[in-house]
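Please take a look at the picture first, then read on.

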Amino acid sequence: MSTMTMAKAINAGLRAGLEQNPKTLLMGEDIGDLGGVYRVTEGLKADFGADRVMDTPLAESGIIGTAIGLALRGYRPVCEIQFDGFVFPGFNQITTQLAKMHSRSEGTLSAPVVIRIPYGGGIGSIEHHSESPEALFAHTAGLRILTPSNPQDAYWMIQQAMTCLDPVIVFEPKRRYWLKGDVDTEKPSGDPFAAHVLREGTDATIVAYGPLVPVALAAAKAAEDDGRSIEVVDLRSISPIDFDTITDSVRKTGRLIVTHEAPTFGGIGGEIAARVAERAFLSLEAPVIRVGGFHMPYPVAKVEEHYLPDIDKLMDALDRSFAY
Amino acid sequence: MDLKDLAVRAEADSSRLPEDEAGNAGRGSLDREAAPEMVQMLSPEGELLLHGPYGAYAAELGAEELRGLYRDMFTIRRFDQEATALQRQGELVMWVPMTGQEGAQIGSGRALQPQDYVFPTYREHGVALTRGLELSSLLRRFRGVSHGGWNPAEANFHLYTLVLAAQVPHAVGYAMGMARDRKMDPQLPEAATVAYFGDGASSEGDVHEAMVFAASYDAPVVFFCQNNHWAISVPTEVQSRIPLANRAKGYGFPGIRVDGNDVIAVRAVTSWALEHARSGKGPVLIEAFTYRMSAHTTADDPTKYRLSADEEAWISRDPLSRLEKHLRAAGLADDEFFEGLEADGQAMADKLREDVLGMSSPGFADAFTDVYAEAHPLIQEELEFHRRYEAGFADPEEPTE
C-alpha cells in the first residue's frame, strides 16, 4: 500500500502494462520527453524507449486510426488525447471504426485500443479544455467507458482496460489528477464495470462519477447535519452501467440524485433516471433529480463555478427530493 | 436544359476528356502543375513498350502470367456484370460496380505477396480475386446478410470500409506493426500493406493524416489511389488542383502516376513500390489513372452528370481489349483461349448466382452476438427482452436465433 496522486497512479498503471506486455505501446502528442501536458506519462519514454512511448504527429484521427491498424496486427496501443475537446477529430475513427471492428468482422477481428481522455472542468482553462463528452461515446455500441474517481481505481482501471478484449475509453477527471489516496498495488479493485457504494446511507442515494465523486461525498457529509443519511454510489463505468447496484440502493433509500458535469440534457443522468423509473418505480418517494451542466458550451473560466455541480447544488437537489 | 446550359456543360466536360500521353489534363483543366510522366507499357493498340525504371518488372512476366492477368480481368468483369444483374433482379440491396478499373486492380493485386495485407475501400473486387477470396463472400454485405462477409486473416484482405478513407490510417498502423514484428523477429518475411482509396477519398483528412504518419515512421505502406475521375457525380478537378500523384512530394515520398488501364504497367509499378516499402525505404503513393465506366453504385445515374462522349473516349483505353490485342499480336493467346474464358465466366456466374440465392439470413438475435468481445450486461438484457417479445407471438415469422 502506498499513497500517490491519481496522475502518479495512472503512470504506475501504464508502467505495469508496459512491463507485462511487450506489445503494449503508448501513443499521443507530447507524451514522450514532456511526459504529457499533465505529466501522466512522465519518465515512461526514458524507461521504455521512443518505440514504445511514441510522440505522434499532432493528429487525433491519425492517432486513433493508426492505433486501430496496430491493434489489428496484435499490438496493444494506449492513446492519449490531450484534452476532452480535442477528441472530435478522432470521433469518426472511434465511433465508425474502432467501436464496430469486432461486430463488422463477425468476431474474427478485434481492435482492443485504449483511449485516455483527460476530461471535465474546474481547472480554470480555456475553450475545449473542460468538456465532458462521455455520453456521446456511451451512445455507441462496441465501446466501453471507464472513469476512475480515486488513485486506487485509476491504478487498476488503466491496467484492466489494457487487458480488456474490447476497446476502452478511460475518461480521466483532470481536476483530480493531484488528488492523493492509498493504492494497493497487490489487490485489484475488482470488476472495473461494477459501481461501488462508497458511503452507506438510508434516506437518499447520490450517483456520481469521476470528478464529482468527492463533491457527492462532501454533500453527503454535509447532509448529516440536517439529519439525512445519504448513500453515495461511484458509477466507475459509464458503459456498461451497473444498474443493479443503483437500483438496489434506490430500493433501500427511495430517493435518487444523479450528478455529472456534462449537460443534463441527453446525458448519462437521464439514462439512469429512466432505468430506475422502469426498474424501481414503486420504491421511489420522489422523482429522480439530475444535477448537471446547462445546455450551453462549457462556459468561460471566470464563471465556470456557476456551471459546475457543487455541494450547494446537490444539497438543493436533496431538499427538492425530500420536499415530495 | 436549354442550349446555353448545354454549351456551359460541354465546355466544362471538355476538360475531362482523356489526357494526352503524359497524363496532363486537357483544355480548361484546373491542374496547376504538370503531372509526372504517366507510366505506360501497353499502348491502346496493344503494343508493348518496356522501358524506364519499371521495365524490368514487366519483362519478368512470361506468357502464362500475361494470360493470367487477362483471365483475372475477364473473370472480375464477368463477376461485376453478374452482381449488377443480381441487384437489378432484387437479389442484392445494392452493388458497387468496378467495370473499367480491372487493370488498376488486377495489376496491383498481382504484385502482392501472400504476407502483404490489403486495406480496400468497397470497390476492390478485382484485388479480392487476386487474394484468392471466395467471390461470393464479397456479396454477403450487398445481399444484406452481413456487415463484413469474410475473415480478413485468411486472405490478408481486410473488410470493405464504407466511411471514405477511414481504412487508410489503419493500413499505416498495420504496416507500422509489420515493421515492428520484423524488428523483433528478423526471420519474418518483409511485408507491406496497400491502402486502396479513390480520388474522392483523397480529399478526406484521414488520407492526409495517414500520409503524415506513414512518412514520420517510414511505414511499409503503398497508397494506391484509383483516380477513376468521379466521386459519385463530382469530378476529380473539384478534389485537387494538382495531379494527385504530385501530392506525395509534400509528404516526402515518391509519387507515381501510372496508366491504370494498363495492367502490365500497374503491376510493374506496384511491384517496385512494394519492394521499396518492404525494404524499409518508406511509403509510396501510386495514382492509377483510370475511369469508372459504370455507375458509382446501382443507385447512381451517371447520365445526369457526364457525357456519353466522355465514356466513349475511355472505351478506346479499355484494359481488357488492350491486353487482348497484345496477346493476339504476340501469339500468346488464340480464339480458343478467349472462348474458354467465356465458358468459365458463365460457369462462375452461375455458381455465384446459386451461392447468393442460397445465402441465409442471420437471425436477428445474432446481431447481439459480436457487439462486444466480452460479456456486456446491456447486450444480455436487451437480448432477453427481444426473446421475450418474440416469444409472445403465437407464430413468430422471424426466427430469433
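How many salt bridges does the rule find across the interface of chain B and chain A? The rule finds seven of them, where a salt bridge is a side-chain nitrogen of Lys or Arg within 4 Å of a carboxyl oxygen of Asp or Glu. This is a predicted model, in which local features need pLDDT of at least 70 and side-chain atom pairs count only at pLDDT 80 or more, while totals for chains, interfaces and linings use all residues. Residues are numbered from 1 along each chain as its sequence is written, chains are lettered from A and ligands numbered from 1 in the order in which they are written, and side-chain values use heavy atoms, leaving out hydrogens and water.

**Where the chains meet**

- Chain B brings 45 residues to the contact and chain A brings 47 residues; contact means heavy atoms within 4.5 Å.
- One salt bridge pairs Glu106(A) with Arg140(B), with the closest N and O atoms 3.5 Å apart.

**Salt bridges elsewhere**

- Over all chains, the count by this rule comes to 41 salt bridges.
- Glu42(A) and Lys8(A) meet through their side chains in a salt bridge at 3.8 Å, N to O.
- That pair links distant parts of the chain, 34 residues apart: Lys8(A) is in helix 1 (residues 6-20) of chain A, and Glu42(A) is in the loop between strand 2 (24-28) and helix 2 (44-48) of chain A. Helices (H or I, at least four residues) and strands (E, at least two) are DSSP runs, numbered from the N terminus.
- Glu42(A) is partly exposed because its relative accessible area is 38%; partly exposed lies between buried (under 20%) and exposed (over 50%), using a 1.4 Å probe and protein chains only.
- Arg175(A) and Glu261(A) also form a salt bridge, at 2.5 Å from N to O.
- Glu261(A) has 4% relative accessibility, so this residue counts as buried.

**A closer look at Asn156(B)**

- Asn156(B) sits in the loop between helix 8 (152-155) and helix 9 of chain B.
- With 15% relative accessibility, Asn156(B) counts as buried.
- The Asn156(B) side chain reaches the backbone oxygen of Pro114(B) at 3.1 Å.
- Leaving aside neighbours within four places in sequence, the residues in contact with Asn156(B) include Tyr117(B), Val118(B) and Arg131(B).

Key:
A polar contact is a pair of N or O atoms within 3.5 Å; within protein, one must be able to donate a hydrogen and the other to accept it, and residues adjacent in sequence count only if both atoms are side-chain atoms.
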